[in-house]
Amino acid sequence: MGGAGTVGGTRDADLFDAVDVSLWVEDFTAVTNALDALRASGVSDLRAWLAEHPGFVMEAAGWVEVLDVNEATVRLLEARSRDEVMGTLSLSRVFIPETAAAFTDELLMFWEGGTRLELETVLRTLRGRHVEVMLTVSRPSPEHSNRVFVTMRDVTTQKASQRALQESEARFRNMADHAPVMLWVTDVTGRSLYLSRSWYEFTGQTEAESLGFGWLGAVHPEDAERAGAVFLAANAEHLPFQLDYRLRHKDGQYRWAIDSASPRFGPAGEFLGYIGSVIDISDRKQVEQERERLLVAMDEAIRIRDEFLAVASHELKTPLTPLHLKLQTLARAAREGRGPELLERLPADLEVMQRQVKRLSTLVGELLDVTLISGGQLRLEPEPVDLGAVLHEVALRFDAESQRTRTPIHMELDKVVGQWDRARLEQAVSNLLSNALKYGEGHPIHLRTGRTAEHAWFSIRDEGIGILPEAMDRIFEKFERAVSERHYGGLGLGLYVTRQNVRAMGGTIDVQSTPGQGATFTVHLPCPVSDESAVGGGAR
């Protein structure tokens, strides 16, 4: 049959063949008669009846008479001519299971009085190749149901592309979900379209919370505005970017992350959005911060070392200079035979020399103590010690200095016996009393002892210059001092050595001070033995 005779005229026939979509004209008279017979026999649910009689679909397909097809159909079915199609074509010949399922929907459309059906299905060409098509079935009206018009559009390539895209996206998602970093994709507006599984596992956000711009909700509030601004600015210019921010982990803690992204472009160069990654860099950030801290500490240590060397050089020379001068003077007097003069000034010169030697010995002793402490070689020899007696004995050693500087020492000392290293305890008392005489010169110094249920304590209070609040913590560090070394000598080691000695004996030391009103140093020591057992020399 020719297109002109079927369609109704040469003009219509030309249009029929010119259309690049497969067109079919079919006669469903036999099919509608069969459906009417089923309805008359009492069938009310055609879908259920077809499920029980699966062979009916293929049988009904054989009853459909193809009245005409256009040239596009010839090409679609891979036929050599329209005559080959019309001479051999039966719907069942081009059917495969997927097509049979589509024809079932056609039968249901006729059964229910529909006039149009559109669906995707698969045909088998006359050469045996499977073709995916978009099928449209229409008829003028339910009352004129015998003549049916069918269009078929080959979507094989399109569907293959869709499947390839879906497979590519599936591979990307699978790769992204198993990648050791968090991956994300945005559209041209900057809205997040996709976040990998690792993002949700890290942040604890849901997909609904993260997509769009919801991911900013996991960024630290102090970083979110900056991060959003950098991202949107890059998005507007279609430029790559990198920024770091604090990202909330699902445990509620914020961790440092670095976010890097590159723009995506289509085949024609059109901007598609971004693909990026987020990497947890908290450990690296911590290492960098630690390195910076160590560099600062190293610079500070070098500064302190240089300052210490300058101070140590000055402090060590200070006692040596008068000692050297006194010795030169005595030697000259001896060489010149000035015996009476030599004897007359000898006691005063010896006192000066002894004081300088003592000072020199103290400085060297502090340096040796720091070496022992730094090397972990500080050793203790505990024994029963009367704390009040130790403070009294040390105070007597400073009696000459006290009188020389007119700095009276008042003592309220109780007998408090404990098990401590006597030499280290004497050194601690000596350092604190020496500081009190230095910084409280001319004002009374007060020594007290006492005990609680588990601790013994002593305090040394002066009424001198006091300590500034910002210096309270650092005065116990090596080479530190609360005042300028220009006005007060020393290496800045006395309080450091004192605290290390006290700590080694299991005790603590603290200070209270008001600038201009003096300072009070209090030492607490563990006292696990009773006075009675201590007097007897026994340790519990």
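**Helix packing and backbone features of the predicted model**

Helices α3 and α5 are oblique to each other, a class that holds the angles left over once those under 35 degrees are taken as roughly parallel, those over 145 as roughly antiparallel and those from 65 to 115 as roughly perpendicular. The structure is a predicted model, in which local features need pLDDT of at least 70 and side-chain atom pairs count only at pLDDT 80 or more, while totals for chains, interfaces and linings use all residues. Residues are numbered from 1 along each chain as its sequence is written, and side-chain values use heavy atoms, with hydrogens and water left out.

The axes of α3 (residues 29-40) and α5 (residues 55-63) cross at roughly 140 degrees and come within 8 Å. Axes are lines fitted to C-alpha atoms, for helices over the stretch in contact, and angles run from 0 to 180 degrees between N-to-C directions. Helices (H or I, at least four residues) and strands (E, at least two) are DSSP runs, numbered from the N terminus. On the α3 side, Ala30, Val31, Ala34 and Leu38 meet Phe56, Ala60 and Trp63 of α5, where contact means heavy atoms within 4.5 Å. The residues of this contact comprise 7 nonpolar, no polar and no charged; Ala, Val, Leu, Ile, Met, Phe, Trp, Tyr, Cys and Pro count as nonpolar, Asp, Glu, Lys and Arg as charged, and the others, Gly among them, as polar.

Helix α3 also packs with α9 (residues 97-112), at an angle of about 65 degrees and with the axes 10 Å apart. Val31, Thr32, Leu35, Leu38 and Arg39 of α3 make this contact with Leu107, Phe110 and Trp111 of α9. The contact of α3 with α9 divides into 6 nonpolar residues, 1 polar and 1 charged.

Glu78, which is not a glycine, has a positive phi of about 55 degrees. Its position is in the loop between α6 (71-76) and α7 (82-88), and Glu78 is partly exposed at 26% relative accessibility. Arg406, likewise not a glycine, has a positive phi of about 55 degrees and lies in the loop between α17 (399-405) and β12 (409-412). Arg406 is exposed, at a relative accessible area of 72%. Buried means under 20% relative accessible area, exposed over 50%, and partly exposed in between (1.4 Å probe, protein chains only).

The mean pLDDT of the chain is 81, and 80% of its residues reach 70 or more; pLDDT is the predictor's confidence in each residue, from 0 to 100. Values stay under 50 over residues 1-5 and over residues 531-540.
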